[in-house]
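Here is a short briefing to read alongside the model. It starts with the overall layout and then moves to single residues.

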Amino acid sequence: MSVESFTKLKEIESLNRARTLQLKAKLDQEDRLTKLLKRREEALTQSNQLKQDLIKAQDLMSEIEKKIKLYSTQKQNLQDLGGSDEKIHSYTTQIEDLENQGLQELSQIEGIEKELSETKTFLVGLDHTMKDIESEVNSEIDKINHEISTLDLRIKLLQDELPSDFKALLMKISSKNLAHGPFTRIDQGSCYFCRFKISRLEESEIDMLKNLKTCPQCSRIFLPYGA
Ligand SMILES: [Zn+2]
């Protein structure tokens, strides 16, 4: 009777493991979408920054244009009025400097526009990828959820087949939600998980007599050797 119950516990243990793997697979699937969403957000932030940079560069460019126009007019006036060569030359130099600044600003604007267009292309591609991945992820998650409910059902059926003392103990220890589940084994005279030392007497009660016992330290249920 007790050997059979331990066989069921062992089966529950392996179903629990399969369930944990399914939950992990579900997280991995969800993670695929989260990662893409994060990349999308980054690209949008970058695109907004580029748009601001572009406006700034265009404003600067228009300032330069205005100055060139103003200085050119002033230079022309001086020339018409026969002003000093020195002053005329100073305007010429300033206009040349502004024209050089303008060239630099133009190549800056070109660079920003190129980057903006690349970001836009990236975002369009990403949206397509996200749609594909999203439907893939949703279908995977549906499969996983189905698998989990099948496992839950099998676990529940096995639990209901257990004698009441086994079932009560399993429910109690399971409710603690221990990492790696509610079961342990004796491994070289100690609890496999928490390394609590188990006496020879207790070891034989568990492994040979198949008594239902829990680890005094971590409270996991001992599955006998070869159960
Ligand atoms: Zn333990």
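From the N terminus on, the protein chain runs α-α-α-β-β-β-α-β, which makes 4 helices and 4 strands. Helices (H or I, at least four residues) and strands (E, at least two) are DSSP runs, numbered from the N terminus. Please keep in mind that this is a predicted model: local features need pLDDT of at least 70, side-chain atom pairs count only at pLDDT 80 or more, and totals for chains, interfaces and linings use all residues. Residues are numbered from 1 along each chain as its sequence is written.

**Overall shape**

- The C-alpha trace of the protein chain spans about 120 × 40 × 25 Å along its principal axes.
- The protein chain has a radius of gyration of 38 Å, whereas a compact globule of 227 residues would have one near 17 Å. This radius is taken over C-alpha atoms, and the globule rule is 2.2 Å times the number of residues to the power 0.38.
- Of the 227 residues in the protein chain, 11% are buried. A residue is buried if 20 or more other C-beta atoms lie within 10 Å of its own, exposed if 12 or fewer, and partly exposed in between, with C-beta atoms placed from the backbone.
- Among contacts in the protein chain with a separation of 6 or more, 70% join residues 24 or more positions apart. Two residues are in contact if their C-beta atoms, placed from the backbone, lie within 7 Å.

**Two domains**

- The protein chain is divided into domain 1 (2-162) and domain 2 (163-227), with bounds that come from an automatic or database domain assignment.
- The centres of domain 1 and domain 2, taken over C-alpha atoms, are 51 Å apart.
- Where the domains meet, 11 residues of domain 1 are in contact with 11 residues of domain 2. H1 supplies the largest share of the domain 1 side, 9 residues.
- That side of domain 1 has 4 nonpolar, 5 polar and 2 charged residues. Here Ala, Val, Leu, Ile, Met, Phe, Trp, Tyr, Cys and Pro count as nonpolar, Asp, Glu, Lys and Arg as charged, and the others, Gly among them, as polar.

**Helix H1 and its partners**

- H1 has 80 residues and reaches 117 Å from its first C-alpha to its last, close to the 118 Å expected at 1.5 Å a residue. The expected span is 1.5 Å times one less than the number of residues.
- The buried residues of H1 are Ser5, Phe6, Lys8, Leu9, Ile12, Leu50 and Ile64, and they pack against helix H2 (85-161), H3, E1 and E4.
- After H1 comes glycine 82, with a positive phi near 70°.
- Arginine 19 is found in helix H1 and touches Ile148 and Leu151, leaving aside residues up to four places away in sequence. Arginine 19 counts as partly exposed, because it has 18 C-beta neighbours inside 10 Å.
- Arginine 19 and alanine 179 lie 160 residues apart in sequence but 13 Å apart in space, C-alpha to C-alpha.
- In helix H2 you will find glycine 111, which is 57 residues from leucine 54 in sequence and 9.5 Å from it in space, C-alpha to C-alpha.

**The largest nonpolar core**

- A nonpolar core is a set of buried Ala, Val, Leu, Ile, Met, Phe, Trp, Tyr and Cys residues joined through C-beta atoms within 7 Å.
- The largest such core has 14 residues, of which Leu9, Phe183, Ile186, Ile221, Phe222 and Leu223 touch the most other members.
- Helix H1 (2-81), helix H3 (164-174) and strand E4 (221-222) each give two or more residues to this core, and H1 gives the most, with 3.
- Each of domain 1 and domain 2 provides at least three residues of this core.
- Phenylalanine 222 touches Thr184, Arg185, Ile186, Ile206, Lys213, Thr214 and Cys215, not counting residues up to four places away in sequence.

**Positive phi in two loops**

- Most residues other than glycine have a negative phi.
- Histidine 180, in the loop between H3 and strand E1 (183-184), has a positive phi of about 65° although it is not a glycine. Histidine 180 is partly exposed, with 13 other C-beta atoms within 10 Å.
- Glutamine 188 has a positive phi near 50° and is found in the loop between strand E2 (186-187) and strand E3 (190-191). Glutamine 188 is exposed, with 8 other C-beta atoms within 10 Å.
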